[in-house]
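Here is a set of questions that ask how the words used for a protein model are tied to numbers. Please look at the structure first, and then follow each answer from the definition to the conclusion.

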Amino acid sequence: MYKKLVILTIICVIMTRLVVVRCVESDVDSVKYLDYIEEKVIYLTFDDGPSPNTNKILNILKEEDVKATFFVIGNQVDIYKDTVKKLEEAGMCILPHTNTHNYRKIYKTSKDYFEDLNICREKIKNVTLKDPVNFVRFPGGVNNELLNNDVLSEIREKFLDDKCYFIEWNVYGLDAEINPKDSNTIYRATINQLCNMPKAIVLLHDGYGNVNTANCVRDIIVQAKNFGYKFKTLEEITEKDFDYFVKKNVINKRG
Ligand SMILES: [Zn+2]
């Protein structure tokens, strides 16, 4: 019996080491892993809401006692003001995505982009009664086809002046693909990428079509907790985490 127990313990220790080494090896570069191993942090972010799926996701976040960040569309804020209020009351971070999410309109010139973005900011402020912090997310991210380099560099310059930062992601749940993915695929995609990340900004969606995301958010949260992650909103980001994401090209991505 004793012998069996010893053998079992040895196997467990070896397995644990293997898992840790597998996760660490793929992420070792300029960032010293050991600096970050003390605190694994996950920043869940949801784009394209609010919608009826936002309420479902919010209930799960509350039940699991975790906080997340929502990049909202201004035109959706008009329709779901109450949901935005609920997000605010629950301590979630609400940030601008843009007002229309219409790529052809917002990426025509930097002026068009800022006009649209500022309308979204104002709409958030009207509901939450405070200015959103200086983080934004480009619809489609920095590398989308309709955001050309000239317009992007003008936007970057203005952001630099305003000390405003654009947030990309290093984990993506595949929930905004042309061919919609089922909950299990979204869950697996998220968790598989998470394994390698000491710090993660996770891109998920809470728009009208994202029922499958709402259906697997709890599983993602539970597994991330099992991995030892702490949940934070972007409002709570530390300087150390911020620097990590800049180095990793996740904040202010260079294209
Ligand atoms: Zn979007």
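Q: Why is L129 called exposed?
A: A residue is buried if 20 or more other C-beta atoms lie within 10 Å of its own, exposed if 12 or fewer, and partly exposed in between, the C-beta atoms being placed from the backbone. L129 has 8 other C-beta atoms within 10 Å, and therefore L129 counts as exposed. L129 is found in the loop between α7 and β4, and its phi is near 65°, a positive value in a residue other than glycine.

Q: What kind of model is this, and how are its residues numbered?
A: This is a predicted model, in which local features need pLDDT of at least 70 and side-chain atom pairs count only at pLDDT 80 or more, while totals for chains, interfaces and linings use all residues. Residues are numbered from 1 along each chain as its sequence is written.

Q: What makes D65 exposed, and where is it found?
A: D65 has 9 C-beta neighbours inside 10 Å, so it counts as exposed. D65 is found in the loop between α3 and β2, and it has a positive phi of about 55° although it is not a glycine.

Q: Is D47 buried or exposed, and how do you know?
A: D47 has 25 other C-beta atoms within 10 Å, and therefore it is buried. The place of D47 is in strand β1.

Q: Which residues does D47 touch?
A: Two residues are in contact if their C-beta atoms, placed from the backbone, lie within 7 Å. Leaving aside residues up to four places away in sequence, D47 touches F71, H97, R137, L203 and H205. By another computed distance, C-alpha to C-alpha, D47 and V72 are 6.1 Å apart in space, while they are 25 residues apart in sequence.

Q: How many helices and strands are in the protein, and what makes a run count as one?
A: Helices (H or I, at least four residues) and strands (E, at least two) are DSSP runs, numbered from the N terminus. There are eleven helices and eight strands in the protein.

Q: How do you know how the span of α3 sits against the expected value?
A: The expected span of a helix is 1.5 Å times one less than its number of residues. α3 has 13 residues and reaches 19 Å from its first C-alpha to its last, which is close to the 18 Å expected.

Q: Why can the buried residues of α3 be said to line one face of the helix?
A: In α3, the residues N53, T54, I57, L58 and L61 are buried. Seen down the axis of α3, the buried residues fall within an arc of 135°, where the arc is that of the directions from the helix axis to the C-beta atoms; so they line one face of the helix. What covers these buried residues includes β1, α5 and α10.

Q: How do you know where the buried residues of α5 lie around the helix?
A: In helix α5 (residues 81-89), T83, V84 and L87 are buried. Seen down the axis of α5, its buried residues fall within an arc of 100°, so they line one face of the helix. On the other side of α5, D82 and E89 are exposed.

Q: What makes strand β7 largely enclosed by the rest of the structure?
A: Seven of the seven residues of β7 (residues 199-205) are buried, and therefore the strand is largely enclosed by the rest of the structure. K199, I201, L203 and H205 point one way from β7, whereas A200, V202 and L204 point the other way. In a regular strand the side chains alternate between the two faces of the sheet.

Q: How do you know that β7 pairs with β1 and with β6?
A: Two strands pair if DSSP finds at least two bridges between them. Seven bridges join β1 (residues 40-49) to β7, and these strands run parallel; I42 stands opposite A200 in β7. Two bridges join β6 (residues 171-172) to β7, also running parallel, and the bridge partner of Y172 in β7 is L203.

Q: What is meant by the largest nonpolar core?
A: A nonpolar core is a set of buried Ala, Val, Leu, Ile, Met, Phe, Trp, Tyr and Cys residues joined through C-beta atoms within 7 Å. The largest such core has 56 residues, and those with the most contacts inside it include I42, I94 and A200. The largest share of this core, six residues, comes from helix α10 (residues 211-227).
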